[in-house]
Amino acid sequence: MARTADKTDIPRRLTAAGHELFTRCGYHATGIQQITDQAGVPKGSFYNHFESKEAFAAAIIQHYAQWVDESWERCLSDAPPGAHEAVRHVFTRFIAHHEQQGCQGCLVGNFAAEVAETSALCCGVLNTALAGWRTRLAELLRRAQAEGSVRTDVDADTLATFFWDAWEGALLRMKIEHHTQALKDTVALMLDHLLRPCFISSTETFA
């Protein structure tokens with residue numbers, strides 16, 4: 001195996017290998033030997049950069065969360081000006097990504113199912129990632145509320161949490177069904193019905 005003078009090369013190769021293997025095989029089914037073989041580095045070099053498989057998994061989650069953050073910003077850069085349609089634009093792009101990746105699911109969701117109850121370190125990183133994504137979505141929904149395109153009887157943070165929980169659930173269905181219709185249906189239901197402002201006709205009466 002060739003050595004390199006670039007000190008970031010080995011951790012970068014390990015991270016890429018870990019991301020691929022954890023996504024495809026899961027955390028528990030992936031061993032350190034598999035990761036180093038995939039990365040093309042000696043097994044001993046793993047512990048020069050990561051103190052344990054758990055610490056490595058936490059780094060992978062952080063790396064993935066950063067990628068999602070950057071993807072979110074790229075999506076917003078060419079999104080429609082209205083916040084409501086900007087949300088639709090972002091999630092439409094995310095759906096396209098999942099189609100291109102063969103419906104493998106969200107790495108954060110996959111990890112949550114495997115390690116949330118056994119790794120306090122990974123659980124903390126997962127919580128941080130999800131909280132950041134909910135905050136980003138809440139910011140857009142708050143703008144949409146100000147524009148009059150999203151209901152205001154429920155605060156934006158609560159709506160963002162509900163939306164993201166529904167999205168993560170739909171991602172699990174996507175993995176089972178091997179297509180993205182669950183994602184499309186969830187986004188359409190949220191944006192076209194559940195998040196829309198509620199208008200009561202003057203002719204309506206309540207018992």
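**View 1. Arginine 143 is partly exposed in this predicted model, with a relative accessible area of 40%.** On this scale, buried means under 20% relative accessible area and exposed over 50%, with partly exposed in between, for a 1.4 Å probe and protein chains only. The model is predicted, so that local features need pLDDT of at least 70 and side-chain atom pairs count only at pLDDT 80 or more, while totals for chains, interfaces and linings use all residues. Residues are numbered from 1 along each chain as its sequence is written, and side-chain values use heavy atoms, with hydrogens and water left out. Arginine 143 belongs to helix H7, where helices (H or I, at least four residues) are DSSP runs numbered from the N terminus. Leaving aside neighbours within four places in sequence, arginine 143 is in contact (heavy atoms within 4.5 Å) with Pro81, Gly82 and Ala83. A polar atom of the arginine 143 side chain lies 3.1 Å from the backbone oxygen of proline 81, and the C-alpha atoms of arginine 143 and histidine 84, which are 59 residues apart along the chain, are separated by 8.2 Å.

**View 2. Serine 119 is found in the loop between H6 and helix H7 (120-147).** With a relative accessible area of 5%, serine 119 is buried, and its side chain reaches the backbone nitrogen of cysteine 122 at 3.0 Å.

**View 3. The axes of helix H4 (residues 53-77) and H6 come within 10 Å and cross at roughly 150°.** Because of this angle, H4 is roughly antiparallel to H6, a term that applies to angles over 145 degrees; the axes are lines fitted to C-alpha atoms, for helices over the stretch in contact, and angles run from 0 to 180 degrees between N-to-C directions. Ala57, Ile60, Ile61 and Tyr64 of H4 make the contact with Leu107, Val108 and Phe111 of H6. By class, this contact of H4 with H6 has seven nonpolar, no polar and no charged residues, where Ala, Val, Leu, Ile, Met, Phe, Trp, Tyr, Cys and Pro count as nonpolar, Asp, Glu, Lys and Arg as charged, and the others, Gly among them, as polar.

**View 4. Cysteine 103 has a positive phi, near 60°, in a residue other than glycine.** Cysteine 103 lies in the loop between helix H5 (83-100) and helix H6 (107-115), and counts as buried because its relative accessibility is 10%.

**View 5. Histidine 178, also a residue other than glycine, has a positive phi near 65°.** The loop that holds histidine 178 runs between helix H8 (156-177) and helix H9 (181-194), and at 59% relative accessibility histidine 178 counts as exposed.

Technical notes. Helices (H or I, at least four residues) and strands (E, at least two) are DSSP runs, numbered from the N terminus. Angles under 35 degrees count as roughly parallel, over 145 as roughly antiparallel, 65 to 115 as roughly perpendicular and the rest as oblique. A polar contact is a pair of N or O atoms within 3.5 Å; within protein, one must be able to donate a hydrogen and the other to accept it, and residues adjacent in sequence count only if both atoms are side-chain atoms.
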